[in-house]
Amino acid sequence: MQIPYELILGWRYTRAGRATRRNGFISFISGVSMLGIALGVAALIIVLSVMNGFQKEVRDRMLGVVSHIEIFAPNGAALPDLARTMHEVRAHPQVIGAAPFIATQALLARGEDMKGTVVRGIDPSLEPGVTDLAVELKNTGLNRLIPGDFGVVLGGELARSLGVRQGDKVTLVAPSGQVTPAGVVPRLKQMTVVGTFDSGHYEYDSALVLMHLDDAARIFRLEGPTGVRVKLQDLHKAPEVAAELSRTLTGDLLIRDWTRQNRTWFAAVQVEKRMMFIILTLIVAVAAFNLVSTLVMTVTDKRADIAILRTLGASPGSIMGIFVVQGAMVGVMGTLAGLLLGLGVAFNIDVIVPALEQLLHANFLPKDIYLISRMPSDPQRSDILPITIISLVLAFIATLYPSWRASRVNPAEALRYE
């Protein structure tokens, strides 16, 4: 099959021979445009991959403490029929674990130090089925939560702020007081610290208190668990499963999935990611529109060639096609180079960043500040495909005007002084 001459000439002009100083300069400008597109595409892929990595890291740490779905009674009351609710929840095909819990707030005091906390009463035998944190603590903390012993497992930051260790005593102050002839007296209970945990999520490490479900019910005077925590096969289906459970569960119950518990944070990340995409796309756009100057210079340099092709019978559309091919080739090669560079860095960032830290004697992610010591990266097809398509489309659009001007060259005018 014969290759169209427009493709052949467009490829020859893309290589832009260096026989003359002018051609050499055009070749340099073309190379700069290609390099700019490659760097812009690579920067977009790397930045969005790192942002995805940080989002995944925070999400995984958060889901190590919270469950995929929480079902609870209104106003913090006990569930009216725990056994029925558990049975209906486990009947859903997406559910792989369910555990009852009590959630409330209280003050935790030791000496003159007092902290506001979120108290979670759990069943140590069922809790590992709904959170990864409970799996880690199964043999180091949860097994020490014995009904009647009033033991607690504290978040690491909370324990450090109170200055307590395993075996120390702390005082739990319940929010509802006890009415006596002398007035309302706060209800206090001395608890024993049986363990601590570090989830890597400051919000929970600094405020969460775990205790046995029966002890929490006695302290807060509840008839039973206030809710059920649920774990799913696919965490991304949590909103869909929550909607289905809201239609099938018996009773007046409230349902909340993990995406709604930290909606503000996830919305902020999405907005930031969208803005970074727009800003970095402008870099690709600037590099792509450098093709305009490259093609304008090429058209000016090739006016005689264009005139000869026109006299030989080439149509204006064919002339336009030649320069569209030239610009498109630069865009395609720049985009592919940027794609390979960006993916290469994104998939090997866990090797590149430590090497740079060692070379520069710097620490980009201090663990005591960011709680993670490595740079996370998560390249996603949903980001990479739009980046590639946008880069190619911008490069193609940049070729249209210079190519149209080339097709309008008058052969007689171009050959008058040749």
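At what angle do the axes of helix α10 (residues 263–301) and helix α12 (residues 316–347) cross? In this predicted model, the answer is roughly 140°, with the two axes coming within 11 Å. The crossing of α10 and α12 is right-handed. On the α10 side, the meeting residues are L291, L295, T298 and V299, and their counterparts in α12 are F323, Q326, G327 and V330. By residue class, this contact is made up of 5 nonpolar and 3 polar residues, with no charged ones.

Helix α12 also packs against helix α11 (residues 303–311), and here the angle is about 145° and the axes lie 10 Å apart. The handedness of this second crossing, α11 past α12, is right-handed. From α11, the contact draws on I306, L309 and R310, while α12 supplies P316, I319, I322 and F323. Of the residues in the contact of α11 with α12, 6 are nonpolar and 1 is charged, and none is polar.

The protein contains 16 helices and 11 strands. Its chain of 418 residues has 46% counted as buried. Among contacts with a separation of 6 or more, 80% join residues 24 or more positions apart. The accessible surface of the protein amounts to about 21900 Å², and carbon and sulfur atoms account for 59% of that area.

Notes:
Residues numbered from 1 in each chain as written. Predicted model: local features only at pLDDT ≥ 70, side-chain atom pairs only at ≥ 80, totals over all residues. Heavy atoms only, no water. Axes fitted to C-alpha atoms, helices over the stretch in contact; angles between N-to-C directions. Helix = DSSP H or I, 4+ residues; strand = E, 2+ residues; numbered from the N terminus. Left-handed = near helix turned anticlockwise from the far one by under 90°. Contact = heavy atoms within 4.5 Å. Nonpolar A, V, L, I, M, F, W, Y, C, P; charged D, E, K, R; others polar. Buried < 20%, exposed > 50% of the residue type's maximum accessible area, 1.4 Å probe, protein only. Areas by Shrake-Rupley, 256 points an atom, 1.4 Å probe, with all protein chains shown as cover.
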